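The following note sets out a reading of the fold, the helix packing and the ligand shell. Kindly consider the points in the order given.

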Amino acid sequence: MPGVQQMSLLPHPEQPLARSSAAAKATATTATAAWESEISKLYQADCIEWLGTQPSNSIHAVVTDPPYGLVEYDPTDHDKLRAGKGGVWRIPPSFDGHQRSPLPRFTTLSKKELAAISTFFEAWGKALLPVLVPGAHVAVASNPLVSFYVSAALDAAGFERRGEIVRLVQTMRGGDRPKGAHEEFPDVSVMPRSQWEPWVLVRKPIEGRVQDNLRKYGTGGLRRISATQPFGDVIRSQPTGVKERAIANHPSLKPQHFLRQVVRAMLPCGEGVVLDTFAGSGSTLAAATNVGYQSIGVERDAAYVAVAKDAIPKLATYANGTPPPWE
Ligand SMILES: C[S@@+](CC[C@H](N)C(=O)[O-])C[C@H]1O[C@@H](n2cnc3c(N)ncnc32)[C@H](O)[C@@H]1O
């Protein structure tokens with residue numbers, strides 16, 4: 001694992017980034033971590049409640065994969081997934097004889113459910129904002145059908161939009177012929193086959209110029225891949241492979257190869273704390289550990305916390321054979 005720093009978690013509240021040893025002092029949190037390593041901690045909590053207990057100016061970046069439509073991880077619909085009985089989750093059609101993993105479908109969300117996305121992400125953004133240092137970047141995984149609600153809600157919460165990271169990935173969403181009329185309309189797809197995943201990118205407003213903010217907090221920009229290559233907003237990816245899925249059994253597991261690129265870019269000076277408020281099986285924490293960053297995760301579901309405890313160290317050292325672009 002390249003460059004894992006042995007340092008205590010979290011800079012001091014109200015202080016600039018851990019660019020000085022004083023700023024690297026551990027900070028008290030109100031809850032006991034469910035799991036921790038030298039550079040990473042995982043809490044079992046509701047993230048908005050947890051954020052309300054955190055010191056201001058203590059987090060330098062967020063990389064997170066929330067429930068895109070909210071309902072899929074609500075106890076009602078999630079229990080249906082666990083029981084293998086539908087709800088918002090559906091099994092994509094199998095065309096090659098292999099059983100597919102369930103995917104939540106967002107075309108069925110009602111107006112009320114869509115409005116709830118806006119309400120939730122604005123509340124999340126407002127809870128997050130004071131906990132972040134100025135210039136902290138926030139990357140939020142989403143879906144083309146709902147990402148604009150998330151983006152607008154974060155704008156309303158006080159963040160500035162900095163673009164969107166496109167994860168190029170062929171998924172099983174879309175591309176279907178009209179239900180019940182496949183033969184009548186063989187040349188028609190109801191929606192495009194989805195081949196990308198948007199990650200909304202926003203930033204907490206900076207103090208002064210970017211260079212001032214970088215000096216004071218170590219944030220405000222993005223870490224380059226190399227001297228000649230900036231971080232780009234399109235990243236080629238694959239669906240999460242079976243070997244990673246065997247390590248971390250979570251229905252929304254993101255692949256390390258992709259996550260490491262995003263996480264690494266979020267700390268322009270290579271220092272600070274990365275937060276994932278919807279940690280699932282801990283894949284962001286694993287990616288942060290792999291690139292040598294401190295990280296904190298929050299996950300409310302006890303079963304996924306249990307998965308994460310086991311999975312984080314294994315995912316952190318997982319190699320899929322494709323080196324990252326900075327190696
Ligand atoms: C899309 S999944 C994240 C999966 C993760 N990217 C991975 O690779 O394992 C979203 C996670 O957020 C959790 N969650 C939903 N609402 C939450 C909340 N209010 N606070 C904390 N966790 C929450 C869910 O239990 C679920 O595990």
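Predicted model: local features only at pLDDT ≥ 70, side-chain atom pairs only at ≥ 80, totals over all residues.

1. Helix H4 (residues 147-157) lies across strand S6 (132-141), strand S7 (160-168) and strand S8 (196-203), and runs at about 5° to S8. Axes here are lines fitted to C-alpha atoms, for helices over the stretch in contact, and angles run from 0 to 180 degrees between N-to-C directions. Two residues are in contact if their C-beta atoms, placed from the backbone, lie within 7 Å. Helices (H or I, at least four residues) and strands (E, at least two) are DSSP runs numbered from the N terminus.

2. Residues are numbered from 1 along each chain as its sequence is written.

3. As to overall composition, the chain has 9 helices and 11 strands. Of its 327 residues, 43% count as buried; a residue is buried if 20 or more other C-beta atoms lie within 10 Å of its own, exposed if 12 or fewer, and partly exposed in between, with C-beta atoms placed from the backbone. Among contacts between residues at least 6 apart in sequence, 71% join residues at least 24 apart.

4. An open sheet of 9 strands shows mixed pairing and the order S1-S2-S11-S10-S3-S6-S8-S7-S9. Its edge strands are S1 and strand S9 (234-236), each of which pairs on one side only. Two strands pair if DSSP finds at least two bridges between them.

5. Strand S1 (residues 35-36) pairs with S2 in the antiparallel sense over 2 bridges, and a hairpin joins S1 to S2 through 3 residues. S2 and S11 pair in the parallel sense over 5 bridges. Leu42 stands opposite Gly297 in S11, and Trp35 stands opposite Leu42 in S2.

6. Helix H9 (residues 302-316) lies across S1, S2 and S11, and runs at about 165° to S2.

7. Helix H8 (residues 283-291) packs with H9 at an angle of about 35°, their axes being 8 Å apart. The contact is made by Ser283, Leu285, Ala286, Thr289 and Asn290 of H8 and by Ile312, Leu315 and Ala316 of H9. By class, this contact of H8 with H9 has 5 nonpolar, 3 polar and no charged residues. For these classes, Ala, Val, Leu, Ile, Met, Phe, Trp, Tyr, Cys and Pro count as nonpolar, Asp, Glu, Lys and Arg as charged, and the others, Gly among them, as polar.

8. Burial in H8 extends to 9 of its 9 residues, so H8 is largely enclosed by the rest of the structure. The buried residues of H8 pack against S2, S3, H7, strand S10 (273-276), S11 and H9. Gly292, whose phi is positive and near 85°, follows H8.

9. Helix H7 (residues 256-266) has 11 of its 11 residues buried, and is therefore largely enclosed by the rest of the structure. Among the buried residues of H7 are the charged-class side chains Arg260 and Arg264.

10. One backbone feature may be inspected directly. Asn57 has a positive phi of about 55° although it is not a glycine. Asn57 is found in the loop between H1 and strand S3 (59-64), and is buried, with 21 other C-beta atoms within 10 Å.

11. Which residues come nearest to the ligand? Of the 20 residues around it, these are Asp65, Ser252, Phe278, Gly280 and Ser283; a residue is near a molecule or strand if its C-beta atom, placed from the backbone, lies within 6 Å of it. Helix H1 (47-51) and strand S11 (294-299) each supply at least two residues of the shell. The shell residues divide into 9 nonpolar, 5 polar and 6 charged.
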